[in-house]
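The entries below follow the order in which I looked things up.

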Amino acid sequence: MNSQQYMELYWQQLKDLGLSNEMINLYRQQMEQSMNTTDQLLPFAENIKQFNQFFTGDDADEEALSREPEAVLLNKTSLLTQEQQWAVACGADLAFLNGQYLNDITTGISKQDCRQLLSEWWDIDSPEELYDMFAWLRESGHRIDYDIILQAINSVSMKESKAFLREYIAANELEEAVVMERLRNTRDALELFRSKQLIHDKLQPDMLIWDFARIINLSRAGFDAGHIGYEAAIEQIMSCVPVIRRTYSSWKHLSLSYQFARCVWNGVEEDSFQALQNNMNYLLQTPDSPWVVLPWKA
């Protein structure tokens, strides 16, 4: 298969995933400007990070990753109860990185910017599309794929791992390229977190927060964008609380799991990893942080 055929398969995959023709054409123009046309798969490999970011909806500002932690932003007029603020704080890894309020439904970002963010990163332009995304994140999200990838990693050899993933996830060459990238990312992430003694037998990362933190942050952005009302946003966020409480033992456990998931889906980048580590340590120590003010166990 030459590069032209491979890319046509790629665009069809985007369409099958539900992207509008307008978004596909825009993304196609951006990608084609950055790649040289050859009969190799290298151009696609060079854009794999962009592909991963697009479909994970990780809208973190890349400039923010290079900055030192800044002050915690709190809305002084927030009407949320402590329990509701606790729930919002479960999405703080990304919200803090993007300079959003950590104690309210509103993010502090304008309606226009929230609409643009949801449209560009999530292809969400209506309440119906937002609720469809909530349903997918709640029912499966990316954590199902991770469980299969982890099973593959526990296989005896890389060859067996690839065969396992081809059977259970990859339906075509495009999906196989993405899955193999995530297989490598997972192994790199495990090696990194173990080398820094961030995970061990009694503290293992769990992918649930990668999906449920996005429900929390999408609810807030959806409210600010005008796609859902205040009470509906609270309902979506609070529905995440029981399973999060059952899954994690502390704010640190939750944060490390989010960071690990980000490495799996976006790749291990030392600068980004260190920035998220710095942010976590800041949120675990600064006096006005929700992670300090609100105890993990009530």
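I took a salt bridge to be a side-chain nitrogen of Lys or Arg within 4 Å of a carboxyl oxygen of Asp or Glu. The model is predicted, so I kept to its limits: local features need pLDDT of at least 70, side-chain atom pairs count only at pLDDT 80 or more, and totals for chains, interfaces and linings use all residues. Residues are numbered from 1 along each chain as its sequence is written, and side-chain values use heavy atoms, with hydrogens and water left out.

Entry 1, salt bridges.

Side chains of opposite charge can pair when their charged atoms come close. How many salt bridges does the rule give? I counted three.

I looked up Arg143 and found a salt bridge with Asp211, with 2.8 Å between the closest N and O atoms. Arg143 is in helix H10 (residues 143-153) and Asp211 is in helix H13, so this pair ties together parts 68 residues apart in sequence. Helices here are DSSP runs (H or I, at least four residues), numbered from the N terminus.

Asp211 also forms a salt bridge with Arg214, where the closest N and O atoms are 2.6 Å apart. Arg214 and Asp211 are three residues apart in helix H13, so about one helical turn separates them. I noted Arg143, Asp211 and Arg214 as a network linked by salt bridges.

Are these residues buried or exposed? I used these classes: buried is under 20% relative accessible area, exposed is over 50%, and partly exposed is in between (1.4 Å probe, protein chains only). Arg143 and Asp211 are buried, and Arg214 is buried too.

I then checked Glu181, which forms a salt bridge with Arg184 at 2.9 Å between the closest N and O atoms. Both lie in helix H12 (residues 173-195), three residues apart, about one turn of the helix. Arg184 is partly exposed, because its relative accessibility is 39%.

I counted rings of Phe, Tyr and Trp (its six-membered ring) as a pair if their centres lie within 6.5 Å; planes under 30 degrees apart are stacked, over 60 edge-to-face, and the rest tilted. A search of the whole structure gave eleven aromatic pairs.

One of them is Trp86 with Trp251, a tilted pair at 5.1 Å centre to centre and 45° between the planes. Trp86 is in helix H6 (residues 82-89) and Trp251 in helix H16 (residues 251-266), so the pair ties together parts 165 residues apart in sequence. Trp86 and Trp251 are both buried.

I also looked at Trp210 and Tyr258, whose ring centres are 5.1 Å apart with planes at 45°, so this pair is tilted. Trp210 belongs to helix H13 (residues 208-225) and Tyr258 to helix H16, and the pair links distant parts of the chain, 48 residues apart. Both Trp210 and Tyr258 are buried.

Which residues do ring pairs link into a cluster? I found Trp86, Trp251, Trp291 and Trp296.

Glu129 sits in helix H9 (residues 127-139). I noted Glu129 as partly exposed, because its relative accessible area is 32%.

I looked up Glu235 in helix H14 (residues 230-238). Its relative accessibility is 59%, so Glu235 counts as exposed. Glu235 and Ser219 are 16 residues apart in sequence, and their C-alpha atoms are 9.1 Å apart in space.

How values were computed
Helices (H or I, at least four residues) and strands (E, at least two) are DSSP runs, numbered from the N terminus.
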